[in-house]
Amino acid sequence: AALPAPDTAGLTAVLRSAVAQGAPGALARLDDHGTTYRLTRGVADRTTGRPISTEDRFRIGSVTKTFSTVVLLQLADEHRLALDEPVNHYLPGLLPDDRITVRHVLSHRSGLYDYSNDMFANSVSGFEAVRKKVFTYRQLVALSLEKPRTNAPGAAYAYSNTNFVVAGLLIEKLTGQPVGTAYQNRIIGPLKLTDTFYVHPDTAIPGRYARGYLTPDTAGAPLVDATAQTVSWAQSAGALISSAHDLDVFYGALLKGKLMSAARLAEMERFTKVNSTTAYGLGLRRRDLTCGVSVYGHTGAVQGYYTYAFSTKDGGRSLTAVANTSNNGKVLDTLAGALESAFCGKQ
Ligand SMILES: CC1(C)S[C@@H]2[C@H](NC(=O)CCCC[C@H](NC(=O)C[NH3+])C(=O)[O-])C(=O)N2[C@H]1C(=O)[O-]
């Protein structure tokens with residue numbers, strides 16, 4: 001069935017609410033079968049007051065997880081990786097349980113504890129402690145293994161950044177290259193994503209970008225400019241930089257089957273239910289909207305930036321919505337409304 005027309009007034013209202021709730025700026029870009037809608041509200045930079053633009057680059061946080069998964073599924077297509085092999089088959093001795101498979105890791109069912117829970121228990125001091133730090137993947141895995149596993153391998157869904165740090169180790173082991181090279185050669189170059197960069201451990205965002213502002217835990221305390229950071233605590237779990245255009249192209253291409261075989265895409269779309277409206281596949285979220293439409297993509301929350309990047313199953317309509325703040329649950333929830341406006345139309 002044809003999708004309802006996008007509700008651009010609804011999208012505008014979502015962005016206005018996000019700013020009213022504390023985001024300095026918010027943007028949305030919708031690419032719908034060749035027609036592009038661009039909406040903005042507020043500023044990219046609180047000091048200069050420059051208005052935010054849908055052309056601005058930003059940190060995409062865990063949307064990075066889909067990029068890491070695409071690389072690994074391409075390696076599966078090349079028979080260089082098997083999803084149901086134990087991680088330890090490729091990285092001997094890395095994990096304390098040989099039963100943890102690549103599929104468990106990519107679907108957040110490994111049980112590996114998420115070290116970021118402790119790292120950011122206090123949002124500002126936790127961030128300031130790591131914003132310039134450079135971690136190795138193995139240091140991050142070691143932080144996770146200091147804590148017990150949350151579930152037996154495959155027994156439950158439990159979101160953990162550790163899983164996609166393991167994914168980064170797998171990519172580097174199997175390709176013999178840094179993850180940035182694999183992203184460039186396998187995704188960024190072929191799709192011509194000229195706004196998409198993996199610059200870790202550099203802290204600067206290339207070209208024109210929106211500054212990102214971390215909301216402190218204490219109500220009323222001033223926002224913290226979080227723009228300059230290594231994102232080394234996340235790397236293959238969250239350190240990519242991109243734009244609304246590039247993410248719309250990426251998820252559109254993914255869902256159109258342009259990045260891997262149909263068999264592998266079907267594996268990516270085997271979903272574990274997370275809650276009444278969300279399910280998780282392999283590095284991919286499915287969100288079931290009120291109008292019965294399901295959309296496929298990922299969300300991101302990295303210091304200073306919230307992102308929703310989702311497409312229809314056929315990749316024909318893609319939306320990227322961003323607010324340049326984080327640690328603000330009201331804004332994160334409000335931004336989810338952009339999916340309803342974009343894919344369900346006027347309610
Ligand atoms: C599940 C999420 C939302 S959280 C996960 C990942 N981001 C992180 O794990 C960073 C958490 C700290 C971010 C920080 N929060 C705090 O410090 C809270 N004390 C802030 O908001 O700036 C990402 O991105 N994912 C989102 C996803 O996948 O949708």
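In this predicted model, Leu214 stands opposite Val224, a residue of strand β5. Strands β4 and β5 pair over two bridges, and the sense of that pairing is antiparallel. The two strands belong to an open sheet of three strands, ordered β5-β4-β13. Pairing within this three-stranded sheet is mixed. Its edges are formed by β5 (224–225) and β13 (325–326). Each of these edge strands pairs on one side only.

A second open sheet contains eight strands. Their order is β2-β1-β12-β11-β10-β9-β8-β7. Here the pairing is antiparallel. Strands β2 and β7 (272–273) lie at the edges, and each of them pairs on one side only.

Two pairs of strands show how this sheet is built. Strand β1 covers residues 25–32, and strand β2 covers residues 35–42. Eight bridges join them, and they run antiparallel. Gly25 faces Gly42 of β2 across this pairing. The strands β1 and β2 form a hairpin with two residues between them. In that hairpin, His33 has a positive phi near 50 degrees. Further along the order, β10 pairs with strand β11 (residues 305–312). This pairing also consists of eight bridges in the antiparallel sense. Within it, Gly297 has Phe310 of β11 as its bridge partner.

Four residues of the shell come from β10, the largest share. In total, 16 residues surround the ligand. The closest are Ser62, Phe120, Thr299, Ala301 and Ser326. By class, ten residues of the shell are polar, five are nonpolar and one is charged. The space that the ligand takes is the largest pocket.

For Ser326, a polar side-chain atom is 2.6 Å from an oxygen atom of the ligand. For Ala301, the atom concerned is a backbone N or O, at 2.7 Å from a ligand oxygen atom. For Asn161, a polar side-chain atom lies 2.8 Å from an oxygen atom of the ligand. The ligand taken alone exposes 650 Å², and the protein buries 79% of that area.

Two loops hold backbone features of note. Most residues other than glycine have a negative phi, and most peptide bonds are trans. His108 has a positive phi, near 55 degrees, and is not a glycine. This residue lies in the loop between α4 (102–106) and α5 (116–119). The peptide bond from His200 to Pro201 is cis, with omega near 10 degrees. Pro201 is placed in the loop between α9 (179–188) and β4 (213–214).

How values were computed: Residues numbered from 1 in each chain as written. Predicted model: local features only at pLDDT ≥ 70, side-chain atom pairs only at ≥ 80, totals over all residues. Heavy atoms only, no water. Near = heavy atom within 4 Å. Polar contact = N/O pair within 3.5 Å; in protein donor to acceptor, adjacent residues only side chain to side chain. Areas by Shrake-Rupley, 256 points an atom, 1.4 Å probe, with all protein chains shown as cover. 1 Å grid on protein atoms, 1.4 Å probe; cavity = no way out; pocket = protein on both sides within 12 Å on 5 of 7 lines; lining within 4 Å. Sits in = over half its atoms within 2 Å of the grid points. Nonpolar A, V, L, I, M, F, W, Y, C, P; charged D, E, K, R; others polar. Pairing = 2+ DSSP bridges.
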